[in-house]
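Welcome! Take a moment to look over the sequence and the model below, and then we can walk through the fold together.

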Amino acid sequence: MQRNPARAGDDLATALLRAGRVMVGVSARSLDDEDGVTLTQFRSLVLLDRPDPVNLVTLAGLLDVGASTAQRMVERLVRRGLAARDRHPDNGREVVLRLTPAGEALVGRVVARRRRALGAIARRLPQETRSVFVEALDAFSEAAGEPAVVDRDDVLWDL
């Protein structure tokens with residue numbers, strides 16, 4: 001399809017909106033079997049799934065919400081047994097957040113569902129398009145400030 005160079009930014013935004021609808025659908029369906037865990041709660045769990053300690057202020061910043069909103073979210077996750085509070089290993093006065101084994105298991109299940117759903121879609125892309133698509137998505141994610149995926153077998157996608 002021939003594109004108008006003057007409309008490239010608008011075309012890109014439109015394409016991203018369309019792809020975003022696909023991603024939201026995959027994301028929402030991946031949580032269907034998780035007993036009411038919301039997309040925002042799941043995002044919080046994913047942000048806690050990291051090796052370095054995360055305190056409430058850091059989590060709020062990563063979610064782009066106020067500390068009180070993050071606090072309420074954490075309370076719900078703690079009550080459900082998906083997250084826990086601990087003392088910071090280097091500063092006993094600071095409280096840090098972490099996933100519990102149940103939270104880690106939930107993240108693993110949901111990521112596996114997403115991987116299967118996205119893999120099925122990606123396998124329909126022509127092989128020559130995939131590497132260009134990966135480069136474009138990586139650049140987009142980097143521009144948005146999204147951290148790189150941790151190099152772990154249970155997170156990386158086999159496409």
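## A first look at the fold

In this predicted model, residues 24 or more positions apart account for 53% of the contacts in the chain with a separation of 6 or more. The secondary structure consists of 6 helices and 2 strands, and reading along the sequence gives the order α-α-α-α-β-β-α-α. The chain has 159 residues, of which 27% count as buried.

Now let us turn to one helix and its surroundings. The buried residues of α2 are Gln41, Phe42, Ser44, Leu45, Leu47 and Leu48. Which elements do these buried residues pack against? They pack against α3, α4, β1, β2 and α5, and the table lists where some of these elements lie.

| Element | Residues |
|---|---|
| α3 | 56-63 |
| β1 | 83-87 |
| β2 | 95-99 |
| α5 | 101-122 |

The pairing of α2 with α4 deserves a visit of its own. Helix α2 covers residues 39-48 and helix α4 covers residues 67-79. Their axes lie 11 Å apart and meet at an angle of about 85°, so α2 and α4 are roughly perpendicular to each other. On the α2 side, the contact is made by Thr40, Gln41, Ser44 and Leu45, while α4 brings Met73, Arg76 and Leu77. By type, the residues of this contact divide into 3 nonpolar, 3 polar and 1 charged.

Methods
Residues are numbered from 1 along each chain as its sequence is written. This is a predicted model: local features need pLDDT of at least 70, side-chain atom pairs count only at pLDDT 80 or more; totals for chains, interfaces and linings use all residues. Side-chain values use heavy atoms; hydrogens and water are left out. Helices (H or I, at least four residues) and strands (E, at least two) are DSSP runs, numbered from the N terminus. Buried means under 20% relative accessible area, exposed over 50%, partly exposed in between (1.4 Å probe, protein chains only). Contact means heavy atoms within 4.5 Å. Axes are lines fitted to C-alpha atoms, for helices over the stretch in contact, and angles run from 0 to 180 degrees between N-to-C directions. Angles under 35 degrees count as roughly parallel, over 145 as roughly antiparallel, 65 to 115 as roughly perpendicular and the rest as oblique. Ala, Val, Leu, Ile, Met, Phe, Trp, Tyr, Cys and Pro count as nonpolar, Asp, Glu, Lys and Arg as charged, and the others, Gly among them, as polar.
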